[in-house]
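Student: Could you walk me through this model, one part at a time?
Tutor: Gladly; here it is, and we can begin with the overall make-up.

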Amino acid sequence: MTIKKPIQFRAVHTKTRWRRASHESVANALGNKRGARALFDHLNKAIDYSKHGEPLYVLIWDERLPGSGEIVKPDHSRWDGLQHAPVSDQEINRFESGAAASDEDLDLFFARANPSLAKARLREVSDGPATSLRELPTPETEAQLEEQLQAKIQDSRGITADARRQRLLVASSSPVRIEVRTTAFIRNADVIVEVLERAAGHCEECRRPAPFVRASDGTPYLEVHHIVPLSKGGNDLVENAQAICPNCHRRKHYAQSDQTI
Ligand SMILES: [Zn+2]
Ligand SMILES: [Zn+2]
């Protein structure tokens, strides 16, 4: 006869909604070796996260003790990294017998346990991105798409890590797919080849060898950049082009100055 582990453990992931396990003690069930903290922090190497999805909540109870149920979720502002709320035996039985445990249902336990905190949290979540960002129109061009993303990144930098994580908990994991217009130039292939030949496998900016060879044809990977951009009226000529490595290329387009960090 095997000795049963009395502490019941149910993990609610984004994909697997009710994963069953059991532990010898509450400390093990919550702990950072194989318990809830290890699960939330991706420290338990036995868990297949791609199969089960991100862990959101853990319910635990001692089957010898009625009324011992609780639900926890990650909260790095707490001493133990977890937020706790009680769960009744009836609720546990309901979930155990197959009732769906939605994120909203499970979050209600925390709301009931701490009404003021829950209110603050709900306000943060429903606020979402800054008002000006919530009403952004669907981008029509690639440039608008990039501009909106950059504005949202600035917004995300401007909130606390806690607020950001709360937002992540309720965010959709499947991005909306849209079509956008792009403007492009039909470039002269002879200019590209001529400039690549001139560079002979070395970046014309930092002089280092190309970082790798292309899988398609085995030639050194360099990017042909226009010194005066085509979009600003530059000419598609060998004299206005240079073959440079990806780092130098990105630096030319995005760096504050030519300084390296
Ligand atoms: Zn370079
Ligand atoms: Zn360029």
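Student: How many helices and strands does the chain have?
Tutor: The secondary structure comes to 11 helices and seven strands, where helices (H or I, at least four residues) and strands (E, at least two) are DSSP runs numbered from the N terminus. This is a predicted model, in which local features need pLDDT of at least 70 and side-chain atom pairs count only at pLDDT 80 or more, while totals for chains, interfaces and linings use all residues. Residues are numbered from 1 along each chain as its sequence is written, chains are lettered from A and ligands numbered from 1 in the order in which they are written, and side-chain values use heavy atoms, with hydrogens and water left out.

Student: OK, helix α10 next. Which of its residues are buried?
Tutor: In α10, which spans residues 189-199, the buried residues are Val191, Val195 and Ala199; buried means under 20% relative accessible area, exposed over 50%, and partly exposed in between (1.4 Å probe, protein chains only). They cover an arc of only 65° around the axis, which puts them on the same side of α10, the arc being that of the directions from the helix axis to the C-beta atoms.

Student: And what is on the other side of α10?
Tutor: Asp190 and Glu197 are there, and they are exposed.

Student: What do the buried residues of α10 pack against?
Tutor: They pack against β6 (223-226) and β7 (241-244).

Student: Switching to the metal: what coordinates the zinc ion?
Tutor: The zinc ion (ligand 1) is held at 2.3 to 2.4 Å by the SG atoms of Cys203, Cys206, Cys245 and Cys248; donors are N, O and S atoms within 2.8 Å of the metal (3.2 Å for Na, K and Ca), and water is not among the atoms, so sites may look incomplete. Along the chain these donors follow the spacing C-x2-C-x38-C-x2-C. Distant parts of the chain are linked here, since Cys203 lies in the loop between α10 and β6 and Cys245 in the loop between β7 and α11 (246-254), 42 residues apart.

Student: Are those two cysteines, Cys203 and Cys245, buried or exposed?
Tutor: Cys203 counts as buried, at 0% relative accessibility, and Cys245 is buried as well, with a relative accessible area of 9%.

Student: Last one: where is Ser231?
Tutor: Ser231 sits in the loop between β6 and β7, and it is exposed, with a relative accessible area of 61%. Ser231 and Phe185 are 46 residues apart in sequence and 8.5 Å apart in space, C-alpha to C-alpha.

Terms used: Contact means heavy atoms within 4.5 Å.
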